[in-house]
Structure formats: C-alpha cells, structure tokens
Amino acid sequence: MTDAVHCVELGRLAVPGMRIKVRWFPAGANNGQVWQAHSSILSFSRVIGEGVQHRDVATHSSSFRPAGPLTFWPRSAVWESRKNHSQVLTVSAYFDSGFSAAVDKTPGGIRIDDFSMLEMMQILHDEVTAPGTATDDLVGAIGSILRIKLSRLMSQRVRNPSVGKPCRSVDVAMIHALISQAGVRPPTTAELAEKVKLGRRDLLRLCKETTGMPPSRYIEETKVDRAKTLLATSTLSMKQIAYEVGYSTASHFSTRFGQFTGLTPSAFRSRARRQDQPRREHEEN
C-alpha cells in the first residue's frame, strides 16, 4: 500500500524499453488526484462502479471529461482524475526516455480507440500478476508492438489532427463482448448503458452511428447469430438453444428467429446440415 496515492500495487515488471505497473485503487481513494507524466504512459483502466473522469491540466482545460479505457499521456502531460468513489484497476506502461522524445508531439492526453491495444494491455495485466513461461519475452514483444502503434498514431495526428477524435470502436467492441458473453440472459439496453458508462441516449446514438441499428435490435441480432451457430454445430434441443441464447421459451425463440431469418429454427438446422454434408464428404475423400 502506498499512502501517497492510496493504491495497492498488484505487480510490476521491467523489460527493455518499458516497465509495467498493475495497481488497484479502492473506492473513494484519489478523488481529485493530480498526476504528471515523467515519461510517456499508456494507461488501461478497468472501472468497477461509476466512471472515471479526466481534466487535462497541461492544456488548461476547465472541465472534466469521461475517461476511456485506454489513454496515452505524453511526457510532461499533467492531468487531474476524478473517480467518483469507484474502484479502478489500472495497467500502466511507462516507456523509456528515447521513445518519449520520439512521440512527444502534444502536451495533452489522447484517448486510444484501438481494440487490439486494449487486448494487449489485458495480456500485460495477466503476465504481470500471474507470470508464466517466457513472460519477459512476451511482454517485451508486446512493448515493441505498442511502441510501433503509438508512433504511427502520433505521426498520423501530426499530419491530420482529426484522427485523434474518438470513433468509439473500443466501446462498440466492449458492448458486443458484453452481449456475446452474457450467458443465458443478455443484458438489457439499460444494463448495457450502465456497464459501459453511457447514458441511454448516448448508447442509442453510438449504436446507430456504428451499427446502423438501435441497441435493442443489435442485442436481438446477436442472440439470433448465436442461435444460428448452435443450430448448425450442436445437437442441443430447441428448448436448450432458446435458453442458451436468452429466450424464456422455445416458442418465443422460434417466433423471433423466424422474424429475423424467414426460417424456423428446425428448417435452418436442416439446411445447414445439408450444406455441410458435401464439405465433410469431400474432406473424407
């Protein structure tokens, strides 16, 4: 426990060009904490509870803005964070001075909307908190990829500042993951909005801008897609599949599936198996 910043350090690791810290900030701690980057920092935050907000001190911002899950802070950036009593798990990658000098093109923080980088930060968390075979090699390789991606991002921003505006692709990927991994009961629109820290109107606008449909339709199509996979690849009964994808009854599942596909679940399964039979026979021959 570090009293100065009220956090619990869960692990740290240093490889050439980069060092990683994984920390947990308990609820209520560091509300209004001011931070300064002495090297370039890529920070991944997993929030439990209300969202985190940042105010960019270096650019004299007067208002707090919602923080994304992944933020890049160039060397000498200064920002204030407001946690609103939430618990936060952070994975911070600190890059060496040589890399900091190469990408130090802006004094303020940059929200990163690159889902592959988000996934890499999750891998860093896993490797630091539970190291395994060749952890140093894996973390070093991820560090090299992150430096390349950040260098490209900074170069693009110099040529075209508008590329730094968030496209919210990370949010869309998180929404899809929440729906796809929700188990037997996919989340409602209200639950989705709460989980990704968006108002219902913002969630509606985001889904329409990126998928062309409202979140309720997106949830429904995802459920039907999951059902198609189970129908084509499993021997589960219609009742079991209905339960797996989040419908209360087999009849409701059949009705909704027909509305989306024009086929009953049984007809879809039969067609899928007929189409798969020639492929299997060809592979056997």
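The legends below describe close-up views of a predicted model.

View 1. Helix α8 spans residues 238–245, and its buried residues are Ile241, Ala242 and Val245. These residues lie on the same side of α8, because they cover an arc of only 105° around the axis. An α-helix has 3.6 residues a turn, so residues three or four places apart point the same way. The face of α8 turned away from the buried side carries Lys239 and Tyr243, both of which are exposed. After α8 comes Gly246, a residue with a positive phi, near 105°.

View 2. Arg23 belongs to strand β2, which runs over residues 18–25. The residue is buried yet forms no salt bridge. The side chain of Arg23 does make a polar contact of 3.0 Å with the side chain of Tyr94. Leaving aside residues up to four places away in sequence, Arg23 touches Cys7, Val8, Glu9 and Leu10, as well as Trp35.

**View 3. The salt bridge between Glu9 and Arg12.** The structure holds three salt bridges, and one of them joins Glu9 to Arg12. The closest N and O atoms of Glu9 and Arg12 are 2.7 Å apart. Glu9 counts as partly exposed because its relative accessibility is 35%. Arg12, at 52% relative accessibility, counts as exposed.

**View 4. Strand β7, covered on both faces.** Strand β7 comprises residues 70–73, and both of its faces are covered. Leu70 and Phe72 are buried on one side, while Thr71 and Trp73 are buried on the other. β7 pairs with strand β10 (residues 110–111) in the antiparallel sense, over two bridges. Within this pairing, Phe72 stands opposite Ile110 of β10.

View 5. Arg217 is located in helix α7, which covers residues 215–233. The side chains of Arg217 and Glu221 meet in a salt bridge, with an N to O distance of 3.2 Å. Both residues lie in α7 and are four residues apart, about one turn of the helix. Arg217 has 41% relative accessibility and therefore counts as partly exposed. Glu221 likewise counts as partly exposed, at 25% relative accessibility. From C-alpha to C-alpha, Arg217 is 9.9 Å from Thr189, a residue 28 places away in sequence.

View 6. The side chains of Glu220 and Arg256 form a salt bridge, with 2.9 Å from N to O. This pair links distant parts of the chain, as Glu220 lies in helix α7 and Arg256 in helix α9 (residues 250–261), 36 residues apart. Glu220 counts as buried because its relative accessibility is 12%. Arg256, at 24% relative accessibility, counts as partly exposed.

Conventions: Residues are numbered from 1 along each chain as its sequence is written. This is a predicted model: local features need pLDDT of at least 70, side-chain atom pairs count only at pLDDT 80 or more; totals for chains, interfaces and linings use all residues. Side-chain values use heavy atoms; hydrogens and water are left out. Buried means under 20% relative accessible area, exposed over 50%, partly exposed in between (1.4 Å probe, protein chains only). The arc is that of the directions from the helix axis to the C-beta atoms. Lys and Arg count as positive and Asp and Glu as negative; His and the chain ends are not counted. A salt bridge is a side-chain nitrogen of Lys or Arg within 4 Å of a carboxyl oxygen of Asp or Glu. A polar contact is a pair of N or O atoms within 3.5 Å; within protein, one must be able to donate a hydrogen and the other to accept it, and residues adjacent in sequence count only if both atoms are side-chain atoms. Contact means heavy atoms within 4.5 Å. Two strands pair if DSSP finds at least two bridges between them.
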